[in-house]
Amino acid sequence: MPEIKVTPLGAGQDVGRSCILVSIGGKNIMLDCGMHMGYNDDRRFPDFSYVTQNGRLTDFLDCVIISHFHLDHCGALPYMSEMVGYDGPIYMTHPTKAICPILLEDFRKITVDKKGETNFFTSQMIKDCMKKVVPLNLHQTVQVDDELEIKAYYAGHVLGAAMVQIKVGSESVVYTGDYNMTPDRHLGAAWIDKCRPDILISESTYATTIRDSKRCRERDFLKKVHESIERGGKVLIPVFALGRAQELCILLETFWERMNLKAPIYFSTGLTEKANHYYKLFITWTNQKIRKTFVQRNMFEFKHIKAFDRSYADNPGPMVVFATPGMLHAGQSLQIFKKWAGNEKNMVIMPGYCVQGTIGHKILNGQRKLEMEGRATLDVKLQVEYMSFSAHADAKGIMQLIRMAEPRNMLLVHGEAAKMEFLKGKIEQEFSIDCYMPANGETAMVTTNPSVPVDMSLNLLKREMALGGPLPDPKKPRTMHGTLIMKENSLKLVSSEQALKELGLNEHQLRFTCRVQLQDPHSDPDTLHRVYTHLKSVLKGYTIQHLPDGTVMVESIVIKVSSSAEDVNAKVLLLSWSYQDEDLGSFLSSLLKKGLPPGLC
Amino acid sequence: MDRECVTVLPRVCEVLAASGSSLPDDTSLEKLLDWFTMFNLKQPNGFSLLEAFPCLLDFIPTVVNNSPASDASILSFTLKLTGLISATENGFKVLQEHSLCDLVFDPQRWQEAGLWKDPCIRIGWIQGLRTMLQHSKALGFFVQADLIEPLLHLHTDTSLFVASAANHMLAHILLFCQSENSQNNSKHLTVPVETKQNYSTVTVKLCEYLKKSLVLDGTSALFQSHQALKVLALLLSRAGPDLRDRLLLTVSDSLEELVTTNCSQLTRSLMDVVQAAHRCASLCMLNVRNKEMLKERLVDIKMSAVTRVFITVCVWTGVFQVLQKSYRTLMKWISACADLSSITDQLRKDLIQVVGKRVCDVRWEVRDSTVEFLGHLAGLCDTSEVLLGDRCFTVSLLKEALQDPESYVRASSISALAQTLAPSWQQGAVELVSRLHEILSQDTEGFSRRAVLQYFITWFSLCPSPTSCSLLMQSMHAVLSQGSADLDWEVKVHTLELAELLMDRPGAHPHPYAVTSNKSDLVGVLSTLVDQGVFLVLLGGLVDCDRPVGLKACQLLMRLRDSVCPLLLGDQRVSAPDEPGVSCELPGCGWAQEVRKILGIEDADPAQKSDVVDPGDDRKPEQGGVRDEGCMVRVSVCEVLRSLGLDARLSVLTQSSDHVHNSPMSLLQDILTAGSRNTQLNSEPGLEVIVDCY
């Protein structure tokens, strides 16, 4: 039986970095190629030696598909393609292709800045990697090769995020990447066809959570910023260049406008300009509201948000600053943090997860005394807030997607084991389908039962009806004869005559003959009659005829008798049959070789 | 630092042993192991981890005996830790005095506890054993505890990670036995009979296992054969002659059989084995017929590569990947081509046509590769002219590409233009230089701005003397001031590299050890550097928030200090009598505030006058060699260079910017905090910090 294999190299029962291998219909596909920010060595990348030793990734993989631009989904891509070596196609949507290199470059700069690392991908490698990318449009089927096709669907989550359907023949898999089933301030909700894939591979970050409404979280965030500004404090929001930063910018911009606030908002890197350019360029990927109001006012033309200069950090009075990097581990955000940490009026809002080994991680864990360079200590007096704005589907959303796509099997990734276990139970109970949750390195195997659609000619159907049978009924299968022909990649069942005609062939008859020698002291006609009687008694339910021309016929099989000139008792039975009766013909020849039983009249 | 860690570690062990759930950060335990591994490596004479951290001896049994309740990741960590401790004979001895290796590495125990099904326990078990197998006593334990069978069982584990770890472990064991054997033989050591037996038992068992695994029977065996082939390839590439011959002798029949079954799924792995075997020149052990079969397959594969190369010659295709390869192939061919006369007029015409067309392609990928190609070609001076004719053709295409909407292309065209620079280049220069200034000050992308700086660096390197490159020298001030104010730290680093070139220019400053350094020369040199803005660029870089900028600036300032303002008898506050008294103006805002803080300009008592006299200036000196002139402050260059604390700064800047927070001590503290926070979270579930994307 054909089977589909899914092996996560990352995101199997964890939320580290996504990298999932799918093997379907003889094709090997890598879904996402993410990076783990928690390590400073090669462990940050998936170990591709599991895929293939000797770095021959191009030989093994048919394609790589990237779901969206977050680094835990695409951060290892230049390493894989330029350092390990992969020359095959990489697919991602247009916005992802535009934004992904910005983030990779941002990350490269932070990494090199921090460590002065040399064994890391370069700008040139990022560029060369991006040259291998084939952009995808939504809902457009792309033929990777003759058999493998992929199709992207809208996933919400971040600009350009996509779910992908992978299809080989009648087998298919859908991979969701990260998705969001509720529209947010600038993006719409995920949507997919009722495509009934063999496996739906879904993220499960919030597998057990029913997320409180996003509006509440936003109100909470704005309230905190406002309070801090009101008491003259400074607010630092460490971010990565793109994604959440834009969402928060929109939020603050509208709030400032509504409340007529005067305190300056700064964005510290030169990246906003480019980021906003892309948000404007890919307006069709945003939600309906933004698209509608686009003509009157572009959401991404920020009136209140200005470029930051490092000297502003010392200015008196309140301000809000977005600064990179997002985990306070180097560069500008860290420098500003050090300046502002000592004042309790100030506040830092961490809008994302921070890995161990960063100041972000420490302050989120509640550490208030930080050791600094040269044994100095930094007293953290400013307020520390964590605001999760990540747009993932919650348990309700995941169930909703299952209802939409109607998969035959479910497979959970990108979540914690215990939470997955809970959701798996719920899914199996509600939908009566199998749900898998392989750990990293483990393979989930799903046997598929591919149904191959076949067209049937009207003539053949009519002929069947003329033979007196009822019309075809799927519940009562019955045998019928026809010829299966393949034309223009589709299968058709037609009568053999029509098949000959359509394929432009002549009919040939193929007959098998066989000689059986036996001792039978009777005349030739008597022997033939004895053969007839014998077969009559052995073969019940077959048409057996003794014909006047001195032959016996069993279905299409003809039997004749002749005797040898030297010995009249030595008879030779000549058997001949058409290829359709090959089984019966072989059976008769072996039956007759055993001789005729005595006592036949 | 390690001493502090020793005092904190017992508490960390308590937290880990008591923790029923995993730590919120999944890297912490790995990093802890990294630290122990580093510690092990640094210790001479087998000083064991246990001697340094005695608390580990209690930690291991506490976690293992509490096993069903302990978190799987902490159990896995404990398995690996046990292996690490027992990697030294001392450590192993102490652990075995408490029967801890028996306890920890007993697979039966894990199976009965229902934990063996968790792949991270199986991986911990394999990796622990692998780390441990560094000495004969460990091997003795491995054989006597009968751990070979469970290991072989894991070789075909359902988890890719476990199976792969087992693979490496099998190779490790055989290589270990081999190296021990050969070491003992070469040193003529008398090895106990028991040890010898252990080596031989293990080697025989594993070789037989490999032989058996190679035989295909049924679909499940396919994976086993595959795995066996992987081990073989690993071993053959690393084994010494004895082990290699032994392996080949054992498995050659099975290998031949495998080749004849013609199982396509195994072809690649078979090829790896053959290649590894071939490298060690023992291919003769495979019979000729089968060798031929494999050769045929090799030829098939090579042919497809040849076809690909063939296609790449066709530059006219529109498929990007092919085009990219064609350019590379063409470049390789050109660089290797000794006789350029073989280039025909037709080829030249075609190439010009193709390049002209592709440089305007709608896809940025195609435009960029074409521009990069032009740049590479321009680097090969004569060849470029033979292929594309006059340099004007290339330059005009590249100038056009400076306007490209895609920054990658703009950057590539600037880099390519730098390749067209010639020492005496002037033609059309004014216009190009003003365009480059525009890019440096206005381009939104770092790539292009970085390329502009590199253009000037190349130009400067080619310039024989300042007088012959007047345009370049005129541009210097603007490039330095724009580049040092850039948002991109790499642009700033390049700006500092350019500043370095100015400092290094012949005659720019005397050699620090030169016997005669004329004072007026020094004054002249220093004044020029101040006038060109080099000094301010260095000062600004020193207080930059990005470490590489600070580091580069600090190094350059130190060089300047050491060569121009040498210290007298090492006294920081005393200047040499013949020191050049050059001063410069320090702005009052922006980065200069940081510098002022370091110099203590605002905080110093104005009444306290310094003895430093600036002979180059006739105005009255202020404190610290500084004159306050409203917003601007005039400072003595040498005084500033001595007061910045450059040596201390350098030692900080040469370290990673996260070295404090990524240190073992910081890690231990984080685990402690996470432990207490875990307890807090259990009582207040609302506090949960959800790990999500970044």
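Predicted model: local features only at pLDDT ≥ 70, side-chain atom pairs only at ≥ 80, totals over all residues.

Reader: What makes β1 and β2 of chain A a pair?

Author: Pairing takes at least two bridges found by DSSP. These strands have 5 bridges, so they count as a pair. Among the partners, Pro8(A) is bridged to Ile20(A) in β2(A).

Reader: Which strands of chain A make up the open sheet, and in what order?

Author: There are 7 strands, running β6-β5-β4-β3-β2-β1-β22 in chain A, with mixed pairing. The edges are β6 (133-136) and β22 (444-447) of chain A, as each pairs on one side only. From one strand to the next, the twist averages 25°.

Reader: On to the interface. Why is Arg56(A) with Asp272(B) called a salt bridge?

Author: The cut-off is 4 Å between a side-chain nitrogen of Lys or Arg and a carboxyl oxygen of Asp or Glu. For Arg56(A) and Asp272(B) the closest N and O atoms are 2.9 Å apart, so the pair qualifies. The same rule finds 14 salt bridges across the interface of chain B and chain A.

Reader: Which part of chain B gives the largest share of the side that touches chain A?

Author: That's helix α34 (residues 664-683) of chain B, with 7 residues. The side of chain B touching chain A divides into 24 nonpolar, 22 polar and 28 charged residues.

Reader: How much area do chain B and chain A bury between them?

Author: About 6900 Å², 46% of it on carbon and sulfur atoms. The contact takes 74 residues from chain B and 88 residues from chain A.

How values were computed: Residues numbered from 1 in each chain as written. Chains lettered and ligands numbered in written order. Heavy atoms only, no water. Contact = heavy atoms within 4.5 Å. Buried area = accessible area lost by both parts, 1.4 Å probe. Helix = DSSP H or I, 4+ residues; strand = E, 2+ residues; numbered from the N terminus. Nonpolar A, V, L, I, M, F, W, Y, C, P; charged D, E, K, R; others polar. Axes fitted to C-alpha atoms, helices over the stretch in contact; angles between N-to-C directions.
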